[in-house]
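Please read them with the structure open.

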Amino acid sequence: MASYDLIVIGTGPGGYVCAIRAAQLGLKTAVVEKNATYGGTCLNVGCIPSKALLHASELYEEAGETFAKMGIKVDKPGMDLPTLHKYRRQNVEANVNGVAFLFKKNKIDTFHGMGRIVAPGQVEVKADDGKMQTLETKNIVIATGSDVARLPGIEIDEKRVVSSTGALELPKVPQRLLVVGAGIIGLELGSVWRRLGAQVTIVEYLDHILPGIDGEVARQFHRMLQKQGIAFKLSSKVTAVDASGKVLKAKVEPAAGGAAETIEADIVLVAIGRVPFTDGLGLEAIGVEKDNRGRVVIDPHFQTNVAGIYAIGDAVAGPMLAHKAEDEGVAAAENIAGKAGHVNYDVIPNVVYTSPEIASVGKTEEELKAAGIAYEVGKFPFTANARARANLATEGFVKILADAKTDRVLGVHIVGPDAETMIAEAAIAMEFGASSEDIARTCHAHPTLSEAMKEAALAVAKRAINF
Ligand SMILES: Cc1cc2nc3c(=O)[nH]c(=O)nc-3n(C[C@H](O)[C@H](O)[C@H](O)COP(=O)(O)OP(=O)(O)OC[C@H]3O[C@@H](n4cnc5c(N)ncnc54)[C@H](O)[C@@H]3O)c2cc1C
């Protein structure tokens, strides 16, 4: 029987990174993956394919709308959807093959099939052809990720009523797309298909979009999306989708109850979130504890209540983000190897890859108020940033929240161009315990969008130069 120091079940960003770090630290490591390709949700049906579509559809819109304003003359751009999908698939392929290469490079054994923990130290793998084998190991990491959350009474067929997975692969631009849920995935994929020509309506149960994002950012972004042509129905719920006819008929009711209306659509995208996936792992039989939301319970060292069994990523509590899963993977491997692995959950950036983008790290104003922490706000709009003006991308602002007493940066929120890149500066500053004064006194290159970060830091002390 093959025997290992560590077996990682699942090869998403949590699992594959964990396995590589463990191998670097000298642990004899294997991974078990039930899918045909490595990389999990992120590489196959999540971060990577969605960003390919977001990027291409943004360029498509820019070519049609912004180029002419800069004197660039092109014919009205057309969309060749099969080629767009080919480009998306090639992107996925390059990434999943990259993971296979890294497993080989790091001498990590790979097993294809459904993994089940028979007992601490024993993993059974059932291959697609039904063949079983049992592997022995000192440690196990559960990195089985998450699955689409479903709505009772609404059947996802991935053709007309789709999850994010089906929404990445639509063979035709729908005339009318109804999105259920105004969270990150709904807004990103809604934006893609709006830019490609769909009329998009988003139904959200709450009275605001993007739950968890700083309220001012979410409110301003809501207006931007409306200006782009996306229609919203807030405080509303979709309770049924009638798929019997040629056109889908969604029943939409006020969240608080009341008269229902029918919204017709060609495609309905259910994007109400994701749930941890631990089916078939056998956790109940071996007594691994889960919380009331189905997440595996872990201690600060990522270990479950059963010695030698660890868990990371979407399968445990915390934001369902690839980089959070990766960092947990590294930290768990380091702990298993006897080192001091650690994740700072106060500094996990969050990005919404729409246009403009939203990026944030640390506390929101709402969280600081609820915690009774006194804070100062420094805000700087992109309309006052020279580079944003040159790029014809002046929507949005940078907002820095700093402790009123110590000036320590507690949160940074950006809505605007290239927010995804700019947020890294804020994350590093916060990781080093920076004050807003530290950011303000750091020389920023000119003309760059990141000067807006420096100006927002100056604005905390009410001394922005350009606004
Ligand atoms: C459309 C979409 C867009 C997204 N965009 C972003 C983004 O831009 N940025 C970001 O940070 N996050 C994004 N996410 C979220 C991100 O994909 C997840 O947070 C991340 O993939 C979680 O990583 P993980 O390793 O925990 O699990 P997963 O990536 O879900 O991987 C789990 C793996 O475990 C395997 N597995 C499960 N059970 C077993 C078993 N019993 N035996 C063997 N194998 C098993 C699965 O097949 C899968 O390969 C997006 C998600 C979606 C759906």
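What covers the buried residues of helix 9? Point 2 takes this up, after a word on conventions.

1. Basis. This is a predicted model, in which local features need pLDDT of at least 70 and side-chain atom pairs count only at pLDDT 80 or more, while totals for chains, interfaces and linings use all residues. Residues are numbered from 1 along each chain as its sequence is written, and side-chain values use heavy atoms, with hydrogens and water left out. Helices (H or I, at least four residues) and strands (E, at least two) are DSSP runs, numbered from the N terminus.

2. Cover of helix 9. The buried residues of helix 9 are covered by elements that include strand 1 (3-9), helix 1 (13-24), helix 2 (40-45), helix 3 (47-65), strand 6 (132-142) and strand 17 (309-311). Contact here means heavy atoms within 4.5 Å. Buried means under 20% relative accessible area, exposed over 50%, and partly exposed in between (1.4 Å probe, protein chains only). Because 11 of its 15 residues are buried, helix 9 is largely enclosed by the rest of the structure. Among those buried are the charged residues Lys 324, Glu 328 and Glu 334, with Asp, Glu, Lys and Arg counted as charged, Ala, Val, Leu, Ile, Met, Phe, Trp, Tyr, Cys and Pro as nonpolar, and the others, Gly among them, as polar.

3. Geometry of helix 9. Helix 9 runs over residues 322-336 and reaches 21 Å from its first C-alpha to its last, close to the 21 Å expected at 1.5 Å a residue. The expected span is 1.5 Å times one less than the number of residues. Just after helix 9, Gly 338 takes a positive phi of about 90°.

4. Helix 3 against helix 6. Helix 3 and helix 6 (residues 184-195) pack at an angle of about 35°, their axes 9 Å apart. Axes are lines fitted to C-alpha atoms, for helices over the stretch in contact, and angles run from 0 to 180 degrees between N-to-C directions. On the helix 3 side the contact includes Leu 53, Leu 54 and Tyr 60, and on the helix 6 side Leu 189 and Val 192. By class, this contact has five nonpolar, two polar and six charged residues.

5. Nonpolar cores. A nonpolar core is a set of buried Ala, Val, Leu, Ile, Met, Phe, Trp, Tyr and Cys residues joined through side-chain atoms within 4.5 Å. In the largest one, of 37 residues, Leu 187, Ile 209, Leu 210 and Phe 221 touch the most other members. Its largest share, five residues, comes from helix 7. Apart from it lies another core, of 32 residues, among them Ile 108, Val 141, Ala 331 and Ile 336.

6. Backbone points to check. Most residues other than glycine have a negative phi, and most peptide bonds are trans. A cis peptide bond joins Ser 355 and Pro 356, with omega about -5°; Pro 356 is in the loop between strand 18 (350-352) and strand 19 (357-362). The bond from His 446 to Pro 447 is also cis, with omega near -10°. Ser 235 has a positive phi of about 50° although it is not a glycine, and is partly exposed, with a relative accessible area of 32%. Leu 392 has a positive phi of about 55° and is partly exposed at 44%.
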